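The exercises below concern one structure and are each followed by a worked solution. Please work from the atoms before reading the steps.

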Amino acid sequence: MATPPCSPHFCLASMASAREGPIPFADTHGDTNLVSSPEQREEEHADLIAALPSASAADSPVKLLRYQGFWLPDFYVAAAINLQQRFEPRRDDVIVASFPKCGTTWLNALTFATMARAAYPPAGADHPLLRLNPHQCLPFLEGLFQGGREAELEALPSPRLMNTHMPLPMVPRAVPACRLVYICRDPKDMVVSLWHFLGRLRPELPFNSVFECTCDGTMSYGPVWDHVLGYWRAAIARPDKVLFLRYEELLRDPAGQVRTLAGFLGTPFSAAEEASGTVDSIVKLCSFGHLKGLEANKIGHLNPLLPIPRDALFRNGASGDWVNHMTPEMASHLDEIVAEKMRGTGFTFSEL
Ligand code: A3P
């Protein structure tokens with residue numbers, strides 16, 4: 001259906017095309033970004049999908065399917081295949097990638113605020129992050145490629161800023177075609193964060209179930225070690241195209257990491273920006289305490305189709321909370337599994 005010229009969507013779309021990207025995705029495309037409804041699940045690739053190994057997992061209310069070595073929620077497998085076949089990266093695209101519960105929301109906010117700082121000064125009273133949850137600012141690749149909404153990506157002005165939890169093999173043309181920013185986190189803190197998050201939907205979910213599915217890799221987008229390694233290796237091979245960040249380092253030195261991010265994006269802070277405190281404004285705008293206190297992050301749900309309250313994205317915002325949730329034996333067990341999987345690669349989670 002054509003959009004009437006006087007509708008809010010038409011006006012926002014006209015504004016958007018007059019302005020360079022990134023633009024807040026929700027302003028032009030509404031709030032149906034994260035997941036599509038079951039009715040929208042694609043019948044595409046049905047034969048291939050039907051032949052995949054399946055599992056149920058504590059971290060997912062749906063079946064997981066193993067596609068090219070990764071466990072994906074069943075409704076995202078078609079999205080993965082579509083992304084592999086049809087995603088056309090532009091040279092100035094930027095993709096924020098992460099394993100769930102590793103700092104995606106924060107990195108989305110920081111990258112949006114950094115990239116869009118000319119159009120939206122980070123100390124400005126009308127900054128989009130003051131009225132939108134960070135996830136509403138970026139299109140979520142698997143949501144769009146599952147729901148047959150790829151044209152919405154095409155219509156975005158450059159430079160586009162997008163978000164995904166997909167492992168790197170699902171976006172094979174992204175490197176070296178465009179830029180990727182990845183964030184990893186100590187898996188022990190990731191498990192704790194995930195358990196609390198899922199608990200908002202399923203309060204009865206035992207911590208052990210989430211812990212065990214992390215240990216054996218059978219979780220959405222898992223195994224976590226292969227997810228991390230794919231991006232880490234790409235960052236070593238193409239540091240100009242993949243920036244590998246750590247949640248713990250971001251906590252320790254947010255301003256330094258934002259400078260690194262801006263340099264990587266090809267837009268280092270100018271002397272004038274440094275003098276006027278732009279870096280600190282971005283850090284402050286995106287800080288845990290600030291985002292958590294905003295109305296946009298306190299009310300509503302992640303998505304009309306995903307009934308987890310938005311405030312679940314802002315729980316503790318620290319590292320090391322695992323000590324309050326697992327025994328030293330459990331911690332060593334997970335550390336040893338991860339160390340074994342990483343053996344010989346040169347990667348460690350404790351490289352700080
Ligand atoms: P905790 O549950 O340990 O508090 P994701 O965004 O990938 O879902 O990750 C969520 C985790 O990031 C949560 O961790 C959340 O509190 C934390 N987080 C969200 N926004 C943050 C921010 N601005 N600064 C620091 N941590 C943040």
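Predicted model: local features only at pLDDT ≥ 70, side-chain atom pairs only at ≥ 80, totals over all residues.

**Exercise 1.** Determine how E142 is placed and which side chains it meets.

Step 1. The side chains of E142 and Y221 are joined by a polar contact of 2.8 Å; a polar contact is a pair of N or O atoms within 3.5 Å, and within protein one must be able to donate a hydrogen and the other to accept it, while residues adjacent in sequence count only if both atoms are side-chain atoms.

Residues are numbered from 1 along each chain as its sequence is written, and side-chain values use heavy atoms, with hydrogens and water left out.

Step 2. E142 belongs to helix α7, residues 141-146. Helices are DSSP runs of H or I with at least four residues, strands are runs of E with at least two, and both are numbered from the N terminus.

Step 3. E142 counts as buried because its relative accessibility is 0%; buried means under 20% relative accessible area with a 1.4 Å probe, protein chains only.

Step 4. Leaving out residues up to four places away in sequence, E142 touches Y76, A79, L83, N163, T164, H165, M166 and Y221, where contact means heavy atoms within 4.5 Å.

**Exercise 2.** Describe the surroundings of the ligand.

Step 1. Of the 18 residues around the ligand, K101, T104, T105, S193 and N316 come nearest; a residue is near if one of its heavy atoms lies within 4 Å.

Step 2. A polar side-chain atom of T105 is 2.5 Å from a ligand oxygen atom. For N316, a polar backbone atom lies 2.6 Å from an oxygen atom of the ligand.

Step 3. On its own the ligand has 560 Å² of accessible area, of which the protein covers 98%; the areas come from the Shrake-Rupley method with a 1.4 Å probe.

Step 4. Helix α5 gives the largest share of the shell, three residues, and α17 (288-293) supplies at least two.

**Exercise 3.** Which residues of helix α14 are buried, and what covers them?

Step 1. In α14 (residues 254-264), the buried residues are A255, G256, Q257, V258, L261, A262 and F264.

Step 2. Their cover includes α5 (104-115), β6 (179-184), β7 (242-246), α13 (247-252) and α16 (278-285).

Step 3. Just after α14, G266 has a positive phi of about 85°.

Note on methods. Buried < 20%, exposed > 50% of the residue type's maximum accessible area, 1.4 Å probe, protein only.
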